[in-house]
Amino acid sequence: MSAENEFSSLFATESEVGSVAGGVTLPAWQVLLVDDEPMMHTVLHFAMQDMVVEGRRLALSDASSSTEAQAALLRQPDIALILLDVVMETTDAGLRFVEYVRQILHNRKVRIVLLTGQPAYALERDVIANYEIDDYRVKSELTSDKLFTCLYSTLRTYQALHDLELKLPIEKLAMELQTANQQLTIEIADRTRAQALAGEQMHTLKEVNKRLEEAQYQLLQSEKMASIGLLASGVAHEINNPIGYVSSNLGTLESYSKGFLDIIEAYEAGADTDPQTRLARINALKESLDFNYAKGDVVALVQETTDGLNRVKSIVQSLKDFSRIETADTWAMEDVTKGIESTLSVVWNELKYKCEVRREFGEIPPVECVLSHLNQVFLNMLINAAHAIVEHGTVTIRTGCAHERVWIEIADTGKGIVPEHLTHIFDPFFTTKPVGKGTGLGLSISYGIIKKHHGEIEVESQPGHGTVFRIWLPIRQPASEEGMIPAP
Ligand SMILES: Nc1ncnc2c1ncn2[C@@H]1O[C@H](COP(=O)(O)OP(=O)(O)O)[C@@H](O)[C@H]1O
Ligand SMILES: [Mg+2]
């Protein structure tokens, strides 16, 4: 059967083929004709040349084998419809080509209509069921109308698929956006919750911090009270001594003065008597009052009393210097050596029975500090040194200056600190002393004070031989610290 015969019906009726879209040139439908019969191409070209589907013309291309068809499809991926012969190189070349398109190229979009001249080779039901094709036509039964209907329905399907393909990424994007949005909402909620939690924690932390500060203040007060208690007894003792002899001297001076007044009275009373008798009486009185001795003793007693009162005055002054009660706790350029001296006189009673105190003071410049706070450190270290000395020993205080820093060393020949204690001595409440003698706060407070001064404390100890505490202080405080009051 020739192609002309096969398609004779195509020429029979020529019905309306659709209309060209008014004014707008839409791209033509790409249609591939695959057939090994050249006549088929001629006939189909002829039948379809004026057809318009959905306002678009048809652009036909040709392949005469499935191999050529593969090449055409690769060249022109926007082919919308393939009119495909079944029997070409082989009896099922067309069907293999469908497999190739759908399974190898994964092209599910292109529409395929099988045109067969020999239905025996490809039974319609089998083919429709097993291959992804749109239509199956026996060439001899094809009319122009049927072809048009077939083109119309397949090209529409193609267009629908195409639109869907375009829409899909947008929908996918919208979906992704929605998911991202939801995720974001969750994250924002999480973050808000976390922030609220952080706020609560911050509040708790502030509370804890405030309570800690209060506790620290209490501790400081208790340590101060403890050292005041200790010092009070020492100072009382120091003051008692001179007060004792001042008051006894005053007693002696009082009786001397009475005698002297008696003698003066004797002079005045005997004005009308015989000078010899008067002199004898006065001499007897002088004798009885031990006038000659008293005369010499008065000067010595007044001197001694003055010295005693000066001693009391200097103790009071040292106490004032030590505690700096008359000045505010502010940074100032101070003489640290003077601070050590006033501290020494305050703790003298604690030291004097047990230790010889050696001063090896170097030349040091004024240091920017709060001296009363540093004195508290010296005080604690000196008392610790005295406590460490069991029978009798030496406490050596050295000072010096190196690299813009001043150092103060307080060394004792006491019992020393065992290595396992050395790492704890700055801990609050660490004490090896019996209750009543140690609070365990002295060194921790000292550490805090030196830290506020941007300094350091070093300690070296040899159990059984003694301990050295070395304090390093910068001569000037960092600029930002000026005017700040460091709480000890
Ligand atoms: N110079 C020293 N020699 C020996 N041990 C010392 C010396 N200074 C401090 N320590 C040890 O460090 C501990 C803590 O000292 P400190 O904080 O001043 O508290 P406290 O003197 O109240 O015990 C002391 O109990 C003592 O064991
Ligand atoms: Mg102490």
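Author: Start with one term. Two strands count as paired if DSSP finds at least two bridges between them. Keep in mind that this is a predicted model.

Now take strand 10, residues 393–402, and strand 11, residues 405–412. They pair over eight bridges, in the antiparallel sense. For one position in this pairing, look at Thr 399.

Five strands make up an open sheet, and its order is 8-10-11-13-12. The pairing in this sheet is mixed. Which strands stand at its edges? They are strand 8 (355–360) and strand 12 (456–462). Each has a single partner strand, so one side of each is left without a neighbour in the sheet. Neighbouring strands here are turned against each other by 15° on average, with direction ignored.

A helix lies across this sheet's strands. Helix 9, residues 336–351, lies across strand 8, strand 10 and strand 11. Against strand 10, helix 9 runs at about 170°.

Six strands form it, in the order 2-3-1-4-5-6. It is open, and its pairing is mixed. Strand 2 and strand 6 (135–138) are at the edges. Each of these has a single partner strand, so one side of each lacks a neighbour in the sheet.

Look at strand 3, residues 56–63. Strand 3 runs parallel to strand 1 (residues 29–34), and six bridges join them. Gln 30 faces Ala 59 of strand 3. Leu 33 has Asp 62 of strand 3 as its bridge partner. Strand 3 also meets strand 2, residues 52–53. That pairing is antiparallel, with two bridges. Val 53 is bridged to Arg 56 in strand 3. Strand 2 and strand 3 form a hairpin, with two residues between them. Glu 54 sits in that turn and has a positive phi of about 50°.

What holds strands together in general? Strands of a sheet pair through backbone hydrogen bonds, either parallel or antiparallel.

Next, two helices. The axes of helix 3 (residues 66–75) and helix 4 (residues 93–104) come within 10 Å. They cross at roughly 25°. The cut-off for roughly parallel is under 35 degrees. Helix 3 and helix 4 are therefore roughly parallel to each other. Their crossing is right-handed. On the helix 3 side, the contact is made by Ser 66, Ala 69, Gln 70 and Leu 73. Helix 4 brings Ala 93, Gly 94, Arg 96, Phe 97, Tyr 100 and Val 101. By class, this contact has six nonpolar, three polar and one charged residues.

Last, the ligand. Around ligand 1 there are 22 residues. Ala 388, Thr 431, Gly 438, Gly 442 and Leu 443 come nearest. Two elements give two or more residues to this shell: helix 10 (371–388) and helix 12 (442–452). The largest share, four residues, is from helix 10. By class, the shell around ligand 1 has 13 polar, seven nonpolar and two charged residues.

Conventions. Residues numbered from 1 in each chain as written. Chains lettered and ligands numbered in written order. Predicted model: local features only at pLDDT ≥ 70, side-chain atom pairs only at ≥ 80, totals over all residues. Near = placed C-beta within 6 Å. Nonpolar A, V, L, I, M, F, W, Y, C, P; charged D, E, K, R; others polar. Axes fitted to C-alpha atoms, helices over the stretch in contact; angles between N-to-C directions. Contact = placed C-beta atoms within 7 Å. Parallel < 35°, antiparallel > 145°, perpendicular 65-115°, else oblique. Left-handed = near helix turned anticlockwise from the far one by under 90°.
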